[in-house]
Amino acid sequence: MTFPHLKPLEIRHGKILLNSILSVKATFSIIGDESYEFNVTNETYADILNKINMSPNAVVILVDGIPVPYDSPVVSSHSEFLKVLSGG
């Protein structure tokens, strides 16, 4: 299914279209801590976490308040990382 009325580089409602050729600026906030801004093209959340030296096991990734898997592509211009604690 194609949508000819949508241009491939267009951004709608803060969502980054996955077939974008150019990079798009996205913000990643660690809740209660720092925020980071990266130009993203086809990165996954695991790639972003690697850039900020965080383990995917140490956070829950939230997009519009909904948890998403760390191996998902970045599809939002703003995402939040909620640090989690675990013990043994």
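**A mixed sheet and its salt bridges**

Start at S29: its bridge partner in β4 is S35. This is a predicted model, in which local features need pLDDT of at least 70, side-chain atom pairs count only at pLDDT 80 or more, and totals for chains, interfaces and linings use all residues. Residues are numbered from 1 along each chain as its sequence is written, and side-chain values use heavy atoms, with hydrogens and water left out.

Strand β3 covers residues 24–30. It is joined to β4 by 6 bridges, and the two strands run antiparallel. Strands here are DSSP runs of E with at least two residues, numbered from the N terminus. Two of them pair if DSSP finds at least two bridges between them.

β3 and β4 belong to an open sheet of 5 strands. Read across it, the order is β4-β3-β7-β5-β6. The pairing is mixed. Which strands stand at the edges? They are β4 (35–40) and β6 (66–68). Each has a single partner strand, so one side of each is left without a neighbour in the sheet. On average, neighbouring strands of this sheet are turned by 35 degrees against each other, direction ignored. The axes behind such angles are lines fitted to C-alpha atoms, and angles run from 0 to 180 degrees between N-to-C directions.

Next come the charged side chains. Side chains of opposite charge can pair when their charged atoms come close. A salt bridge here is a side-chain nitrogen of Lys or Arg within 4 Å of a carboxyl oxygen of Asp or Glu. How many salt bridges does this rule give? The count is 3.

One of them joins K25 and E37, at 3.9 Å from N to O. K25 sits in strand β3 and E37 in strand β4, 12 residues apart. K25 is exposed, with a relative accessible area of 52%. Exposed means over 50%, buried means under 20%, and partly exposed lies in between (1.4 Å probe, protein chains only).

Another salt bridge brings K83 and D33 together, at 3.0 Å from N to O. K83 lies in strand β7 (residues 78–83), and D33 lies in the loop between β3 and β4, so the pair ties together parts 50 residues apart in sequence. K83 is partly exposed at 46% relative accessibility. D33 is partly exposed too, with a relative accessible area of 43%.

K51 and E43 also form a salt bridge, their closest N and O atoms lying 3.5 Å apart. E43, at 15%, counts as buried.

Conventions
Helices (H or I, at least four residues) and strands (E, at least two) are DSSP runs, numbered from the N terminus.
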